[in-house]
Amino acid sequence: MSRYPVLHVRRGKERSLINRHPWVYSGAVARVERPGSDAVVEVRFDDGSLVGYGHYSADGQIRCRVFEFCQSEKTIDADYWRLKFTAAFEYRRPFLIPMTNNAYRMINGEGDGFPGVVFDRYGDVGVLQMRTPGADSLAPLLSEFASEVGVRHVLWRKEEDGVWLVGRKPEVPFREHGFWFTANVETGQKTGFFLDQRNHRKLAFDLAEGRRTLNAFSYTGGFAVCAAKGGAVETLSVDLSADALERCERHLRENGLGANHRTLKADVFDYLRSVQNGAFDFVILDPPAFTKHISTVEKAARGYKDLNMKAMQILPPGGLLMTFSCSQHVSPDLFLKIVFSAAADARRNARILYRLSHPEDHPVSIFHPEGEYLKGLVLVVD
Ligand code: SAH
């Protein structure tokens, strides 16, 4: 008898697992022997052949998240997870120079073979966000492994409030591209900062020279600091959150940036309607996800189109637009079509300079397209 509860896959439902898609939906489960939520289960096809090992969830559509595909039996113990953690750590080493960037995602869920786990690092602080009971069960181990690579404080962020598993340090200064930022890891959005945009902030640094730059949906001003350091003659950061803008101003100050770098508390849609054409040469649009569900994609698409059209209208010929969508249900293809129709409606010619996606520390498994959510374009608008 197997040492783990066995999840038997319904006959005829093997295809996605053969393709190494890690999720087993409830309809694909024939039966589970001795299940317990958060437990490791052994996944087997109807003919008895082994698929691998996964975390079981008693509720929800996704009953099991497979983290190991293998043909022979394995022991899933602390050593197993330690090896995986080390692999994720080593994978990132060549991409990140701690002197200039010491905040990054250590574990990116399915992309690192840790379904449901997000583990971000800001200097000596680690922040966990778990999406499944199986992921929850790994929190103590992960915080132990992190301490072995220099993490001194670990926060586990939960829906209502967080729990410090080791130490405590809510306000964390860190470096990105050699500039200083501070995140509040307890109350900030995501785990405190939008680490997924790091490479794109570097691109803004490279493109901003001599340009009047609008940083729309600025949050705490990551793009503004980078654009300003890259030589933007002025920047305006627009956001609805007063707290985010206060932090944005602090970031600008602490990086030695002067009075031509300002903030404005406003709704970006209203602001774009009021701004004079030609007021900016570089517009960055990084809105929140307009849709969290497939059923509202069409409405979200209209929102994105409207936003991009207005941004193009205010740019002079030769202006740059850096535009993003982080809605998982808006595919890169659909996003391109949306921006295409925005250009058509704005009656402007737009040329693609860059197509943007996830940075190295947010790897996406090719077998798990659901892990892909961020896409962006840089356009020259004539
Ligand atoms: N570009 C940022 C991340 C943006 S997150 C970075 O690199 O860090 C999205 C931001 O949009 C949030 O700070 C949120 O407060 C803001 N926001 C959401 N809806 C808005 C609206 N209609 N107008 C202005 N800001 C908005």
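Is Arg 347 buried or exposed? At 76% relative accessibility, Arg 347 counts as exposed, because the cut-off for that label is over 50%. Keep in mind throughout these close-ups that the model is predicted.

**View 1. Arg 347 in its loop.** Here we zoom in on Arg 347, which belongs to the loop between α10 (332–346) and β19 (350–356). The backbone deserves a look too: Arg 347 is not a glycine, yet its phi is positive, at about 55 degrees. So this view pairs a positive phi with an exposed residue.

View 2. The side chain of Asp 239 has an N or O atom 2.7 Å from an oxygen atom of the ligand. Phe 217 takes part through its backbone, where an N or O atom lies 3.3 Å from a nitrogen atom of the ligand. For Asp 267, the side chain is involved again, with an N or O atom 3.5 Å from a nitrogen atom of the ligand. How much of the ligand does the protein bury? On its own the ligand exposes 590 Å², and the protein buries 90% of that.

**View 3. The second largest pocket.** This pocket has a volume of about 240 Å³. Its lining includes Phe 89, Leu 96, Pro 98 and Tyr 104. By class, the lining splits into four nonpolar, four polar and four charged residues.

**View 4. Helix α6.** Helix α6 covers residues 222–229 and is mostly covered, with seven of its eight residues buried. Which residues of α6 are buried? They are Gly 222, Phe 223, Ala 224, Val 225, Cys 226, Ala 227 and Ala 228. After the helix comes Gly 231, where phi is positive, near 105 degrees.

**View 5. Strand β13 and Ala 183.** Ala 183 sits in strand β13, which runs over residues 179–184. Its relative accessibility is 0%, so Ala 183 counts as buried. For a sense of distance, find Arg 105 as well: Ala 183 and Arg 105 are 78 residues apart in sequence, while their C-alpha atoms are 14 Å apart in space.

**View 6. The loop between β13 and α5.** Two residues of this loop are picked out here. Thr 187 is found in the loop between β13 and α5, and it is exposed, with a relative accessible area of 62%. Thr 187 and Asp 161 are 26 residues apart in sequence, and 8.9 Å separates them in space, C-alpha to C-alpha. Lys 190 also belongs to the loop between β13 and α5 (198–207). With a relative accessible area of 30%, Lys 190 is partly exposed, because that value falls between the cut-offs of 20% and 50%. What is phi for Lys 190? Phi is near 50 degrees, a positive value in a residue other than glycine.

Methods:
Residues numbered from 1 in each chain as written. Predicted model: local features only at pLDDT ≥ 70, side-chain atom pairs only at ≥ 80, totals over all residues. Heavy atoms only, no water. 1 Å grid on protein atoms, 1.4 Å probe; cavity = no way out; pocket = protein on both sides within 12 Å on 5 of 7 lines; lining within 4 Å. Points joined across faces, edges and corners; volume = space filled by probe spheres on them. Nonpolar A, V, L, I, M, F, W, Y, C, P; charged D, E, K, R; others polar. Polar contact = N/O pair within 3.5 Å; in protein donor to acceptor, adjacent residues only side chain to side chain. Areas by Shrake-Rupley, 256 points an atom, 1.4 Å probe, with all protein chains shown as cover. Helix = DSSP H or I, 4+ residues; strand = E, 2+ residues; numbered from the N terminus. Buried < 20%, exposed > 50% of the residue type's maximum accessible area, 1.4 Å probe, protein only.
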